[in-house]
Amino acid sequence: MRLINSSLTDRVGEIIEASTSDFVAQCYELYELPPLGSLVKTKDGELDIYGIVCHATTGSLEPGRRPIARGKDEASEEAIYQSSPQLSKLLRSEFSALVVGHREKDRINQYLPPNPARIHGFVYQCPPDELKEFGRSLAFLTLLVNTNLPVAKEEIVPAALRLMSRAQDDPHAFLVAAGKELAVMLGGQYYQLRAILGRLK
Amino acid sequence: MTDRLGVVVSGSLESGVEVKLDGTVSVEDMAVGRYVTIEGQKQRFFGMITDIGLGVIDPRFTLTPPDIADPFISEVLSGTSTYGTLHVLPMLTIAGDVDTLIEGPQPVKTVPSHFSAVNLASQQDVELVFGGEDEKRFYVGTPLDMETKICLDLPELVKRSNGIFGKSGTGKTFLTRILLIGMLQKSAAVNLIFDMHNEYGWAGTSEGGKSVKALKQLFPAKVAVFTLDEESSRRRKVSTDFVVRIGYDEIEPEDMSLLRQTLNLTEPAVEAIYQLRRRFGRDWLRQASDLTDSDETSQILNELSIHESTFQNLKRGLNSIRRLPFIEPHTPVNSVKSILEYLDRGMNVVLEFGRYTDITAYVLVANLLTRRIYAQYRERMEKAMAEDSAKPTPLVITIEEAHRFLNPEVASRTIFGTIAREMRKYNVTLLVIDQRPSGIDTEVMSQMGTKVTCLLDNERDIDSVLAGVSGKSALKSVLSRLESKQQALIFGHAVPMPVVIRTREYGSPQSYQELLTTGKAEGGEQAEKDIEELWG
């Protein structure tokens, strides 16, 4: 939540891996991840590419070198980081975002952009105004529901909708409309729908 | 638009169309029998809701129902995964093609295209279909949940025989009274009412035991009350115009054959009547029942080849006829003639039966009088046709307990069967009131122009009323769900499509006033006079 409340142009990371359907960004600061389901964007020339944060990891910078437990003699968790300041440089936080649309001039299209995002593209957290604008259409739910994600849809979809609803004038109406959209999309997947609706409130 | 209900999703002309309700419309707000309009691409359709159902997008919903106690879940699911369906029978096209523009609503010949919007019919739509009140149309009631007036085209109605059906206590009598008042005001026909229970002449009773005004109190100048039972009429303080008496010599063998069942006569006994009539002439009834057990009698019976037991059977029957107090050896005035005189003057005649509510008396008198009146009408009509002169005023004869006259066994023999079949050729039609329509001959039923039916719950009765109507199964569900009071389904000649009505109010001072002012709107001075007399 800290990130949502920070400056509107707050950069949350930089792309280190990109494909047509998603991109992975590394955070500048350890643990300063955008929340699951939040809307982020990156620029690609004229285009703004929007993504929804669907997975995040924090781990060792080097794949072969796993962190070890260090807190046996420390009083608190913070004390571990204070006594080993190198840790924040050896560890990193990454998140991946599913591409759910792009802005072309003034128009938001909720379908995939022609090209994937660029490596080293800056990733920004979308401010509430933009979130509200993006939420005018619910077509992005198709991408969200129909892509295989590392985390279950029953988690991502409600998380994204909950965050987006807070930026709307009438959050309840927004959630009902989204719920109805999902009910149609998941017509044959009743149990999934039920789980999502249960988490939407 | 708040009146939008949903969209057409499937269907056929034969079976009606299926409508999926919008999520915002609650299935519980719908009602069978309500009117809807369907906005097709080229035409507007007018139809009636005949069934209401529930649907789910996935059968698993029914196996593990979602928790709809949660308002959010129920709001999301309603209209998407779970939805209401309506079955709508399109009946008329009310706008769009040339015919409709020129001639008004037309019967449907096609169905609306996929996903046409379905709306609740507005007041204007219903008025367009059933017409407003005017000099020909008479307001009989309102559609369910609407204030629009449903009006019947009465001159059109009386051109054919009509039926009013319904279980006992469902409001047949009230409905009949209202229709009779309508006919009296707007149809240019005269009525002859065989009033078995003394409900139509002076005063009737409502279900609550309250007395309501009947025809003569409302229209004294247009209605004459005839009675068979002067004493009863006097007791009820009815001012009668004529006391009907029937002479022995007025009873013909045809009148007797209709009474076969009620008098428990055998078939040979009925045959014997014809022979006795041939032998004794007009005075056969008195002479035959006066025959005593003598040699002379045996000789006569032998000559006529009537068996002794047959004769005894017949004699018992004849005696019970003679016991009827209004049957007299000789009558000074011819009742048929006086009824016709009144009818010719444009007066409507209500014949009260007083205490003689026994079915024998009713069948005998109704049949006897009607046969002669019909014969007169027939003669006049033929004469009028030959001479190209004025035809007699159309006559509507109202009979109760109609299945006694029109059951398959006797329908071919009675005058009522003939009238029902030959219909309007001779300007005489029937208004049949009955609670067991299944007892009425199918041929007669099929000839009825307009049928008005209150609640019926016997399967056979429902079938016989709806026989031959298109969309029968749909109407069946409407009919069996009518409320037991004040509601009726009207279909047939006088209405463009079947319609469920809530009968207009009858019995309060205001309702009388309304009925009388309708007459006034016609410009009739008489009605004005009537009102003056009534209200001072």
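User: In this predicted model, what makes helix 6 (residues 153-166) of chain A and helix 8 (residues 190-200) of chain A a crossing pair?

Analyst: Two packed helices are described by the angle between their axes and the distance between the axes. Here the axes of helix 6 and helix 8 of chain A come within 9 Å, and they cross at roughly 35 degrees. The crossing of helix 6 of chain A past helix 8 of chain A is right-handed.

User: How do you know that these helices of chain A are in contact, and which residues make the contact?

Analyst: Contact requires heavy atoms within 4.5 Å. On helix 6 of chain A the residues making the contact include A:Val157, A:Pro158, A:Leu161 and A:Arg162. On helix 8 of chain A they include A:Gln192, A:Ala195, A:Ile196 and A:Arg199. By class, the residues of this contact are six nonpolar, one polar and five charged.

User: Why are strand 1 (residues 4-12) of chain B and strand 2 (residues 16-21) of chain B called a pair?

Analyst: Two strands pair if there are at least two bridges between them. Strand 1 and strand 2 of chain B have six bridges, so they meet that condition. Their sense is antiparallel, and a hairpin of three residues joins them.

User: Why are strand 9 (150-153) and strand 15 (242-243) of chain B said to stand at the edges?

Analyst: The open sheet has 12 strands in the order 9-8-23-22-21-10-20-19-11-18-14-15 (chain B), with mixed pairing. Strand 9 and strand 15 of chain B each have a single partner strand, so one side of each lacks a neighbour in the sheet. Strand 9 of chain B is joined to strand 8 (residues 137-143) of chain B by four bridges, and the two run antiparallel. In this pairing B:Phe138 stands opposite B:Leu152 in strand 9 of chain B.

User: What does helix 4 (residues 123-130) of chain B touch when it packs on the sheet?

Analyst: Helix 4 of chain B touches strand 8, strand 9 and strand 23 (499-503) of chain B. Its direction makes about 10 degrees with that of strand 9 of chain B. Helix 18 (residues 415-422) of chain B also packs on the sheet, touching strand 19 (395-399) and strand 20 (428-434) of chain B. The direction of helix 18 makes about 115 degrees with that of strand 20 of chain B.

User: How do you know which element supplies the largest share of the lining of the largest pocket?

Analyst: A lining residue must have an atom within 4 Å of a point of the pocket. The lining of the largest pocket has 32 residues, and six of them come from helix 6 of chain B, the largest share. Among the residues nearest the centre are B:Lys172 and B:Thr173. The pocket holds about 670 Å³ of space.

Conventions. Residues are numbered from 1 along each chain as its sequence is written. Chains are lettered from A and ligands numbered from 1 in the order in which they are written. This is a predicted model: local features need pLDDT of at least 70, side-chain atom pairs count only at pLDDT 80 or more; totals for chains, interfaces and linings use all residues. Side-chain values use heavy atoms; hydrogens and water are left out. Axes are lines fitted to C-alpha atoms, for helices over the stretch in contact, and angles run from 0 to 180 degrees between N-to-C directions. On a 1 Å grid over the protein atoms alone, a cavity is a set of points where a 1.4 Å probe fits but cannot get out, and a pocket is an open set with protein on both sides within 12 Å along at least five of seven lines; lining residues have an atom within 4 Å of a point. Grid points are joined across faces, edges and corners, and a volume is the space filled by probe spheres set on the points. A crossing is left-handed if the near helix is turned anticlockwise from the far one by less than a right angle, and right-handed if clockwise. Ala, Val, Leu, Ile, Met, Phe, Trp, Tyr, Cys and Pro count as nonpolar, Asp, Glu, Lys and Arg as charged, and the others, Gly among them, as polar.
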